[in-house]
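Please look over the model shown below before reading the notes on its ligand and metal sites.

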Amino acid sequence: MLNSVQLSNYIITHKERFLQELIDFLRIPSVSTDPQYREDVREAAEWLASHMKHIGIENVSIHPTRGHPIVIGEKIVDPALPTVLVYGHYDVQPPDPYDLWESPPFQPVIREEKIYARGAADDKGQLFIHLKAFEWMNSVRYFPCNIKFIFEGEEEIGSPHLPPFLTHHAERLSCDAVLISDTSLLSMEHPSVTIGLRGLSYFEVEFQGPTHDLHSGVYGGAVPNPANALARFIAGLHADNGRITIERLYDAVLPPEPEEFEVIEFMRRFDDRLKQETGVRELTGEKGYSAYEQTALRPSLDVNGMWSGYQGEGSKTIIPASAHAKFSIRLVPDQRTDEVNQLVKKHLEKHTPPGIKATLKILHGGDPYLLSVHSPEYRAAAAAIEDVFGKKPLPLRTGGSIPIVTHLRKTLDAQAVLLGFGLDSDAIHSPNEHFGIKNFLTGIETIPHFYRHYARFCCT
Ligand code: BES
Ligand code: MN
Ligand code: MN
């Protein structure tokens, strides 16, 4: 029996220690993308492994890869019980721009009931929810399921080394379901369970013009300028009605599931919240679609960075030799990243202006994910939310991506449910990332209920 009074008492009693431990974890700058932090990422993996052992998780091991380490562990109580694999990532995004942080990104502080630090919500704080839920379960020997853990240090760079690891260790990681806390609730008043993730195709394009930077007076007008050309190419990626112009891109886009129409209608009222959160006056995009539809159910294309020519103080009159952009497309079911990469390649070939040499690099990507609301995984998550929040959650898709989720499904033949406790306003990937203490503690309280319900719904 799950004694929910005992559970909430445990959380209240140990709250300060939980927060202090999380602060210690957040202090380690585990930035995966920047080689400068390599040792810090390793230190975070070691901290994590040692904490897992400390709270009673068994067979904890650190697996080095060519990139950053993978940490696994488990608690097998009875092979006859269902097994849940918890996935999380202990790597974080770079902290810059540094100046915009009100307190340093790796010196966590608590202000107004929120903990501020890079990784607070994405994903160290959410990962830690699972360890603290485990700690309680182990303290009272309440294990309705076997639990396995896999924590990686490369999510923010596209998980390059995790798919082969999953294949190689499929037996060790075998499970009935995957449980992930790396997404947001709609709000504390409107709890949600994430049923969909968008996929991603990420590109870097280079336009090369003259062999070297040229005097723009001597040559300007006659010699193709790669920066002008790239601006034109990028502008051409969207039509006036907001649709992406890449041929056949929408062919594989599926309409919403019938169960989603009510939620889509409900979400229209959140268009305004998006404006407030982002500080823009108007929303753009595809005509006729709400913000929720655009960010969760439709593909989108964004330039993530572009550079060319002179960027220093003052002016310099040149035609730059090259121009560069990073851009990415968020994908929705049933688009496939491999197919979309081909479509983008063709589009670029067709639209490269004369005199320009274009090179396309495919950086990383992942396929979109969707979980049925009728699955035992969703039903268990929804029941757990209802137990703790006192109301049924909304089944929502998120616009974000966690590319490894489709690999987990394929390789381990298990559905993943995204039971996240962040908020979209947590400023993940931005300055002043934070995580509500209430969100953290409520997460800890919800997770044991998930196991309880999953044991009931699974395999029936
Ligand atoms: N946790 C996020 C994904 C996310 C963000 C889910 C917001 C729900 C709401 C994850 O860590 C992330 O940032 N993923 C990247 C993809 C990766 C390949 C860099 C993303 O979505 O940009
Ligand atoms: Mn994340
Ligand atoms: Mn992230």
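Predicted model: local features only at pLDDT ≥ 70, side-chain atom pairs only at ≥ 80, totals over all residues.

Residues are numbered from 1 along each chain as its sequence is written, chains are lettered from A and ligands numbered from 1 in the order in which they are written, and side-chain values use heavy atoms, with hydrogens and water left out.

**Ligand 1**

- Ligand 1 is surrounded by 16 residues (a heavy atom within 4 Å), and the closest are Glu155, Asp182, Arg330, Ser401 and His429.
- An N or O atom in the side chain of Glu155 lies 2.7 Å from an oxygen atom of ligand 1, and for Arg330 the corresponding distance is 2.8 Å.
- His429 places a polar side-chain atom 2.8 Å from an oxygen atom of ligand 1.
- On its own, ligand 1 has 520 Å² of accessible area (Shrake-Rupley method, 1.4 Å probe), of which the protein covers 90%.

**Manganese site**

- The manganese ion (ligand 2) is coordinated at 2.0 to 2.4 Å by His89 (NE2), Asp122 (OD) and two OD entries of Asp182, where donors are N, O and S atoms within 2.8 Å of the metal (3.2 Å for Na, K and Ca) and sites may look incomplete because water is not among the atoms.
- Asp122 bridges this ion and the manganese ion (ligand 3), and the two ions lie 3.6 Å apart.
- His89 in strand β3 (residues 83-89) and Asp122 in the loop between β5 (114-116) and α3 (124-139) are 33 residues apart, with strands (E, at least two residues) and helices (H or I, at least four) taken as DSSP runs numbered from the N terminus.

Notes:
Polar contact = N/O pair within 3.5 Å; in protein donor to acceptor, adjacent residues only side chain to side chain.
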